Every structure is written in structure tokens, then in C-alpha cells.
Amino acid sequence: CSYAANLPLIVSTWANPGFRSASQNAWDFIKVNNGQGLGALVEGLVTCQTLQCDTTVGYGGSPDEDGETTLDALVMDGTNHQMGAVGALRRVKDAARVAWAVMNYTQHSLLVGDQATAFAVKMGFINESLTTNVSIKLHKDWLDNKCQPNFWQIIYPAQKNP
Amino acid sequence: PSNHDTLGMVVIDINGGVSAGTSTNGARNKIPGRVGDSPIPGAGAFADETGGAAETGDGDVMMRFLPSYLTVEKMRDGCTPTEAAQIAILRVRKFFPTYMGAIVAANKNGDYGAACNKQQANGMTTFSYCVASSATNNATIVTINCIDDSTP
């Protein structure tokens, strides 16, 4: 079922403390900045990046096979179909605001990888490591566990334990 | 499920204007260079003048179905946010019965809802998300039961 709520309205995935803070901060923002829906959205996304929600948002989590954390983010304004996004963003913490900058300061929609980093640096974002002791340990434990689990298939030597 | 969590958010402003977005560090132990569903419009999130949706879960699988786009499209056709999200969840489930995924949705009138895929043993059977509005005045937690093939 669905429920009618009074506007404005924030709805967001997950409910662990960090995720709930994201929802709360977005709400607090929109309450004092009525009509600033996109600002509230960015505020919510940035909250989880800062709090590293469940180490699944922001720096210091989900290391890839090389131990590096890379970030994906999207902001979309449905009123006039504006959007900005970054994929595999390296060495910049605030992926949501970089996505926002793609939307506002370019005519593109999606920038990726090292070139997205270069764009972010041009826009004034800091180029810094996204690795923490937490992500170092996650990666080390994965190596110690013979790289299990992983996302390879049909390749020799067998990459995935059954 | 702590491996594929992503923040997805939908905001309806006081005038019914819709925005939606995501932020994530992706799947743990991903192959370097991997990009998930989160930055893909219509996959990780989508917003238009009728409503918005955002998703979380197995992005590698979900992005092939543009579930956020489908959810918004179904809301445009008159489905409630929950009905629309359920249709999108089941669309993926038809091909990937055990995937982990959830969608939150809201329309410009302030109706909202969510759906998630019910997994087998040890998988996700409920999903919690947050709602904040002047009705709640604070971020409140809503927990739903995930759906499976028996859902109409």
C-alpha cells in the first residue's frame, strides 16, 4: 500500500543510523529552504558519504580487487530533465557534488574514471586517497580468503569457489 | 545485506517538483573499472514531472531492466508507488529469482511506497527505508515485506 504524505516529502533507501541521518538532513534542509528539492537531495546524499553509511557509501569502503574505493553517484532533476552523474570516480570523496557539478557546469550527463577526477579537480574538489584502515583490512581479508568472493566466470584458473 | 547497499533518495518539493539521486562505493571486491546501476539514469534513480524512484541492490543485474524508469512509467500510468515498484521488482525477478534488490518511489502528490525482492533462505525478506514529511516531521522508518512470485 502507499500513503499520502504532506509535501515536501523525502523517501530514501535503508534505515540504519547513517541512512536515517541522510533522510533527516535532507528533510531539515528542505524545511528551511522550501522549494529547494535538489539542494535537499544533495544534502542527503552528502550526509551518507560523510558518515560512510554501512561502509557502502563514500570513501573507505567496498575496495575493488586492487584495494581501491571508487564512487558512483547521480543527481536528477525531474522538473526539467537535468542530470549529472559520475561513474568509477577516483580519489574524490564528494561524488554527489561532483555529479551536481556535471549537471550544472557542463552539457554532459555522465563522466567516468580518471577523467571525472580531472573534472572534479578543475571544479575545486580535492584529489585525495579514499583508502582507510577499514578498506585496507577488507581488501587484505579478501586476499587472505583466496580472493573469494569475486565477480569472474568462465575463466582459468577457476576464480570462484562453488 | 551489507555488500550492495546504496543510498537512493527521492525528494518531492513543496510544489510537487521531483528530484532523485544516488551515492555509493559499489560492490565490494568489484573488478576495477566496474560501474554499477547507481549513476545510470532510469536504473539507479529516475525523476520526471510525475514522480521519482531510486533503487538499491545487485546493480549489475538490475541495471539491465531500468527498474527506476519502469517504476516512474507505471506511476505515470496510474499505479500507486508501491504497485509500480512491485512491477519493476518482479520484472527483474522473472530472470533472476534470487537477486537482492529494493526500490523506493514517490509521486508529485506525496504518495510513496517501496518494494523488494524476497530471497530464499538467509536472503532478504524485509526491507526498511526512511520517510520524512510534514506528516512525520522527522525521518521515520518504514519496514515492508518483500514480494515473490505469489504476489499478484
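**Where chain A meets chain B**

Modeller: Leu74(A) lies opposite Thr22(B), a residue of strand 2 of chain B. The model is a predicted one. The two strands involved are strand 3 of chain A and strand 2 of chain B, residues 18-24, and they pair antiparallel over six bridges. In chain A, strand 3 spans residues 70-77.

Now the whole interface. Chain A brings 68 residues to the contact, and chain B brings 72 residues. The size of an interface is often given as the accessible area lost when the parts come together. For chain A and chain B the buried area is about 6,000 Å², with 61% of it from carbon and sulfur atoms. Polar contacts are also found: 31 residue pairs across the interface, counting pairs with both residues at pLDDT 80 or more. Several elements of chain A build its side of the contact, each with at least two residues: strand 1 (3-4), strand 2 (9-13), helix 1 (17-32), helix 2 (37-51), strand 3 (70-77), strand 4 (82-90) and helix 5 (133-144). The most comes from helix 1 of chain A, which gives nine residues. Sorted by type, the chain A residues that touch chain B are 38 nonpolar, 22 polar and eight charged.

What about charge pairing? Side chains of opposite charge can pair when their charged atoms come close. Between chain A and chain B, however, the rule finds zero salt bridges. Over all chains, the structure has twelve salt bridges. Within chain A, the side chains of Lys137(A) and Asp141(A) form a salt bridge, with 2.7 Å from N to O. Both residues belong to helix 5 of chain A, and because they are four residues apart there, about one helical turn separates them. Helix 5 of chain A is also among the elements that supply residues to the side touching chain B.

Last, the partner itself. Chain B has three helices and eight strands. Read from the N terminus, its elements follow the order β-β-β-β-α-α-α-β-β-β-β. Its radius of gyration is 14 Å, close to the 15 Å that the globule rule gives for 152 residues, so chain B is as compact as a globular protein of that length. Along the principal axes, the C-alpha atoms of chain B fill a box of roughly 40 × 35 × 30 Å.

Methods:
Residues are numbered from 1 along each chain as its sequence is written. Chains are lettered from A and ligands numbered from 1 in the order in which they are written. This is a predicted model: local features need pLDDT of at least 70, side-chain atom pairs count only at pLDDT 80 or more; totals for chains, interfaces and linings use all residues. Side-chain values use heavy atoms; hydrogens and water are left out. Contact means heavy atoms within 4.5 Å. Buried area is the accessible area (1.4 Å probe) that two parts lose on being put together, summed over both. A salt bridge is a side-chain nitrogen of Lys or Arg within 4 Å of a carboxyl oxygen of Asp or Glu. A polar contact is a pair of N or O atoms within 3.5 Å; within protein, one must be able to donate a hydrogen and the other to accept it, and residues adjacent in sequence count only if both atoms are side-chain atoms. Ala, Val, Leu, Ile, Met, Phe, Trp, Tyr, Cys and Pro count as nonpolar, Asp, Glu, Lys and Arg as charged, and the others, Gly among them, as polar. Two strands pair if DSSP finds at least two bridges between them. The radius of gyration is taken over C-alpha atoms; the globule rule is 2.2 Å times the number of residues to the power 0.38.
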